[in-house]
Amino acid sequence: LYSIFFLLIPNIINVEVYAAFTVPRFFALSVMTLLIFLAWLYYFKKGLVQAVNKYVLIFASCFFIWMLLSTALSMHLPTALLGGYNVNQGFWIHMMYIMLFLLAASLPVNKVILARAIVNSIVILSIYALFQYFNFDPFGFPHGGRPASFTGNTVPMAGAVLLSVPFSVYLAVRAKGIGRIYWSMTIFLFLMVIASSLSRGVMLGVIAITIILSLIYFRQVSKKVIIGSIILVAIFMTATIKYSKSGKAPIERYNITEVTAVKFGDSVDARFQYWHIALRIIKDHPFFGVGLDNFRNAYPLYRTAELDKMERNTLNSKAHNGYLQIAATMGIPALIFYLGLMASVIMVLWRQKGNRLLAMTFLAALIGYMVQNISGWDELGFTPLMWALIGIGVSGENYKPERMNWICGWTEGG
């Protein structure tokens with residue numbers, strides 16, 4: 001079920017409907033969450049469901065309760081419940097996020113097999129992104145000048161790829177022969193896609209993951225290998241960014257100054273304006289916010305003259321900062337509970353025994369997500385993956401290896 005989930009969420013699309021990137025994922029998320037719940041009931045009947053860490057459970061419950069209260073007191077209740085059009089980040093979606101997380105956190109799983117599943121699903125996403133980048137697009141899906149693959153938006157697409165990088169590294173280190181070559185190739189595939197996206201937040205996430213992985217593998221791998229790998233990654237990503245800047249890349253690119261410079265009229269300055277608007281909303285609605293997905297409804301009331309010069313006739317639906325988005329739409333207490341939940345997950349991962357390297361791999365993925373979320377936002381092709389992964393990360397590993405490996409078709413050391 002998890003393998004199907006990881007395959008569908010980032011890659012499913014239906015061009016027959018206008019909301020081609022959100023409606024199919026809403027359906028897939030609903031169906032897969034229901035199926036995982038049914039599997040949970042089966043495991044519960046067999047007595048295999050495991051207790052969730054009490055701190056994780058407390059913060060998740062508080063976050064959900066406050067989300068429920070903020071929805072009831074929202075600026076526009078239908079939007080808060082169902083989400084804005086073609087965005088769909090309302091209460092029902094967030095409820096499924098929490099449900100998915102808690103189900104995953106209490107189910108026994110084979111995390112190595114799931115690591116392979118998430119990497120292979122993102123390989124599909126990444127290959128199509130490169131097709132778009134080099135203008136060999138067999139489908140012609142919209143991408144707005146930067147590769148967006150099946151996700152429909154460059155930043156969430158790059159965020160989904162970012163989540164997979166630590167698992168590629170883990171699999172490459174533990175594999176041998178052809179397996180190591182394959183997983184190493186996925187690392188460079190993912191890094192090239194991230195670099196070609198020119199997403200500032202995701203690139204910061206790569207830096208954070210690189211630091212964490214270097215510390216994790218400091219005693220496992222030769223120092224020369226670690227330093228050489230970091231230098232090679234830096235050269236590779238820099239070359240990709242420079243190629244995009246040069247104008248030689250087939251796809252129409254944004255100028256590199258959008259990534260590095262802060263000046264009036266560019267996207268960085270616009271993002272600061274979004275953050276300023278979010279802070280003003282938080283100031284006026286500190287406890288319950290304006291309601292899930294109601295940032296779009298509150299936006300015209302706080303829009304600045306400077307922003308109007310940059311983006312005329314634009315109705316923004318997000319703060320372009322995941323933390324400000326939570327505080328503006330659900331209130332400051334919701335942000336505190338959310339950060340408490342993330343901190344408790346980090347604590348559980350840090351204290352996990354058994355396969356420490358894999359636990360730290362989940363930790364690196366979470367830290368990378370939290371860093372990129374400084375300039376990111378929720379998206380149906382990306383956010384469900386994060387909630388499922390951190391739930392799986394804090395779960396136990398009471399499985400039967402021989403049976404699971406037979407189903408997957410891979411050996412434990414493959």
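This short talk describes a pair of packed helices and the aromatic rings of one protein model.

Good morning. The model is predicted, so local features need pLDDT of at least 70 and side-chain atom pairs count only at pLDDT 80 or more, while totals for chains, interfaces and linings use all residues. Residues are numbered from 1 along each chain as its sequence is written, and side-chain values use heavy atoms, with hydrogens and water left out.

I begin with the whole protein. The protein has 19 helices and zero strands; these are DSSP runs, of H or I with at least four residues for helices and of E with at least two for strands, numbered from the N terminus. Of its 414 residues, 54% count as buried. Buried means under 20% relative accessible area, exposed means over 50%, and partly exposed lies in between, with a 1.4 Å probe and protein chains only.

I turn now to one helix pair. Two packed helices are described by the angle between their axes and the distance between the axes. Helix 3, residues 54-72, and helix 5, residues 91-106, pack at an angle of about 170 degrees, with their axes 11 Å apart. Axes are lines fitted to C-alpha atoms, for helices over the stretch in contact, and angles run from 0 to 180 degrees between N-to-C directions. Helix 3 and helix 5 are therefore roughly antiparallel, a label for angles over 145 degrees; those under 35 count as roughly parallel, 65 to 115 as roughly perpendicular and the rest as oblique.

Which residues of the two helices make the contact? From helix 3 they include Phe63, Phe64 and Met67, and from helix 5 they include Phe91, Met95 and Phe101. Contact here means heavy atoms within 4.5 Å.

Next, the aromatic rings. Rings of Phe, Tyr and Trp (its six-membered ring) pair if their centres lie within 6.5 Å; planes under 30 degrees apart count as stacked, over 60 as edge-to-face and the rest as tilted. The count comes to 19 aromatic pairs. Phe64 and Phe91 form a tilted pair, 5.9 Å centre to centre with 40 degrees between the planes. This pair joins helix 3 to helix 5 across 27 residues. Phe64 is partly exposed because its relative accessibility is 25%, whereas Phe91, at 5%, counts as buried. Phe91 and Trp92 have ring centres 5.5 Å apart and planes at 70 degrees, so that pair is edge-to-face.

Finally, ring pairs link Phe63, Tyr97, Phe101, Tyr323, Tyr338 and Trp387 into a cluster. Thank you.
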